[in-house]
Amino acid sequence: MTLSAPSDIKKPIPPDGGWGWMIVLGFSLSNVICIPIIQGFGLLYRDLLKTLGLSATDMSLIINTNSSVGYILGLMNGPILRNFGYRKVAIFGGLILFLGNFLTSFADSFLKFILCYGIVSSLGFNFVMCSFMLAMNTYFVKKRSNATGIAMTITGLGPVVMPIVISMLIATYGVRGTSMLLAALSLHGVVGAMLLQPIKRHYKKEKEDVKENKEDQGEKVIADDVQSLFGEGEVALVPRKMSVTSDVRRSVDSTMYASRQSLRASREILKPDSTWWSSSRTSLNTAHVQTDPANNIEKGLRNSVEKEPGELNTLLKEEIKKTDESIQNSKNNQSQLEDTWQKKIVRFFDLDLLTDRGYVIINIGISIALTGEFNFSLMTPFIFGDRNYDIKSTAILMSIIATADIISRFFTPFIGNRLKWSAKNLYLLSLCLLMPTRFSLTLVSSYEATVVVAICLGIAKGIRTIYMGLVIPNYVPLEKLASAQGLQAVVNGLCLLTIGPIIGYVRDATGNYNYCIHIMNLLTFTTVVLWVSEMIYIKIKEKPELESS
């Protein structure tokens, strides 16, 4: 065994650029086509669904099934991405999305729309989105908000152009011919997925300098004084000192550093900011250490305790005690995990995330707000149709919303960096802007006033789009991100599947979409109240702790 004094340690870090910008390009290429196709369902099939005799409740159920199925099955995103990688999953998802869109063009009943658009297309779209989001969050850390802003800005070009394109294609090829063409366009998601290279090819190496005493710098000699400490083999190169005790102390310090570094590397990957992770990581993410090289060092040190007297003996006993405790805790926790299949499931899906109050509140808040926003976005063509706007006028209004959205996405990251607000607070700001703009839509009647409201809606949506996807990545550590997003997707799906159809039922019962808009605003307001209440609670709880400290 070769032991050397610690000097420079290289650790892999995300590139925060480089090939990461190709990831952004692939993400944008996929989204600029696929998202407008999903969002354009109402515009494309609005008249056909009425011809088939489907009610607003049926339309709402189809739309929310499409959203919820992919989300609910998102619990499998973490395990699937860990086993197959985001590139393979994205390619597979792109092919499934194409298949679902193509089969939808032949649907002529409620059940067929549910199966083709509600289930198959949803699965493909979910796999594509979660793969690209994980890839981009893996490649970027410091520039994550900028990368997300650029990707979402390019993505915003799709909703600007696609409604007008759909209206023109319908006039030429009809609803079903247009649907087939859009299915072919969705294959651009597969092309974008080809750019998703594994992060290990593009890691940068960062040097960590280990501090040494200036007086210890200089010539290095073989420390024959401590040969007996480690048994046979080569030993550390240490600076020569005037006394044997100093030589031995220096060698022991180096050895202890190597031991601690090895144990630390085997126990954890990334140390998060939140204190709750330390306890959950101990119980769920402890690695095997039976083959750790620190065990060999420990054996050598233990053998030497009986031989070396005095101060060295004391130092060795203390360090061995720490090492023994670490190894024993690791073994105990590992054996506890193997006790029951329930604990294996908890570890497999990272369900320990649900023990953190902050994550649970974020999860619930985003899901409730998303339910309102998603239903509003997909029902926008029906809302405008309820005001007797034809397909061309509806397409123009949707393009205006998308144009304001894309401009907002471009400037939002720079404004956010200037304000130095967290992603969570900026997302809250977007929700506070969305509520009054949606409400104002219920008050206007002229086309010109509707255009003004559409611009305000686009600005608020741009802020929301940028920061909604950053709230969870900025809260959880990277190795739990896929599972955290999977759990988030499940809650999203449950909310959409349970609350979404109610909105359609309200439209059928009242004959007016204004009441639906009020329900959507109520959902958004619930999230604002929930998050603000948590912030106030944290402030009140931290105040006495700061005073006592």
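Modeller: Helices here are DSSP runs of H or I with at least four residues, strands are runs of E with at least two, and both are numbered from the N terminus. On that basis the protein has 20 helices and four strands. The model is predicted, so local features need pLDDT of at least 70 and side-chain atom pairs pLDDT 80 or more, while totals for chains, interfaces and linings use all residues. Numbering starts from 1 along each chain as its sequence is written, and side-chain values use heavy atoms, without hydrogens or water.

First, the background. The protein has 549 residues, and 51% of them count as buried (under 20% relative accessible area; exposed is over 50%, partly exposed in between; 1.4 Å probe, protein chains only). Among contacts (heavy atoms within 4.5 Å) with a separation of 6 or more, 84% join residues 24 or more positions apart. The accessible surface comes to about 25800 Å², and carbon and sulfur atoms hold 63% of it (Shrake-Rupley method, 1.4 Å probe; for residues, only the protein chains shown count as cover).

Now the salt bridges. Side chains of opposite charge can pair when their charged atoms come close. The cut-off is a side-chain nitrogen of Lys or Arg within 4 Å of a carboxyl oxygen of Asp or Glu. Searching the whole structure gives six.

Take R464 and E373. Their closest N and O atoms are 3.7 Å apart. This pair links distant parts of the chain: R464 sits in helix α18 (447-471), E373 in helix α15 (357-386), 91 residues apart. Both residues are buried.

Next, D386 and R507. Here the N to O distance is 3.1 Å. D386 is partly exposed, at 28% relative accessible area. R507 counts as buried, at 18%.

D108 and K112 also pair, with closest N and O atoms 3.1 Å apart. D108 is partly exposed, at 40% relative accessibility. So is K112, at 39%.

Then the nonpolar side. A nonpolar core is a set of buried Ala, Val, Leu, Ile, Met, Phe, Trp, Tyr and Cys residues joined through side-chain atoms within 4.5 Å. The largest has 52 residues, and those touching the most other members are F27, Y86, M136, Y427, Y467, I472 and W531. Helix α5 (110-139) gives the largest share, ten residues. Domain 1 (12-202) and domain 2 (347-537) both contribute, so this core lies between them (bounds from an automatic or database domain assignment). A second, separate core has 51 residues, including L48, M379, M398 and I503. Beyond four places in sequence, I472 contacts Y359, I362, I366, L481, A484 and Q488.

Last, the surface. I407, F410, F411, F414, I415, L419, W421, L429 and L433 form a nonpolar patch with about 860 Å² of accessible area together. Patch members have over 30% relative accessible area and no salt bridge; like charges are joined within 9 Å, nonpolar side chains (Val, Leu, Ile, Met, Phe, Trp, Tyr) within 5 Å. Helices α16 (391-419) and α17 (423-441) each supply at least two of its residues. The largest share, six, comes from α16. L429 belongs to helix α17 and is partly exposed, at 31%.
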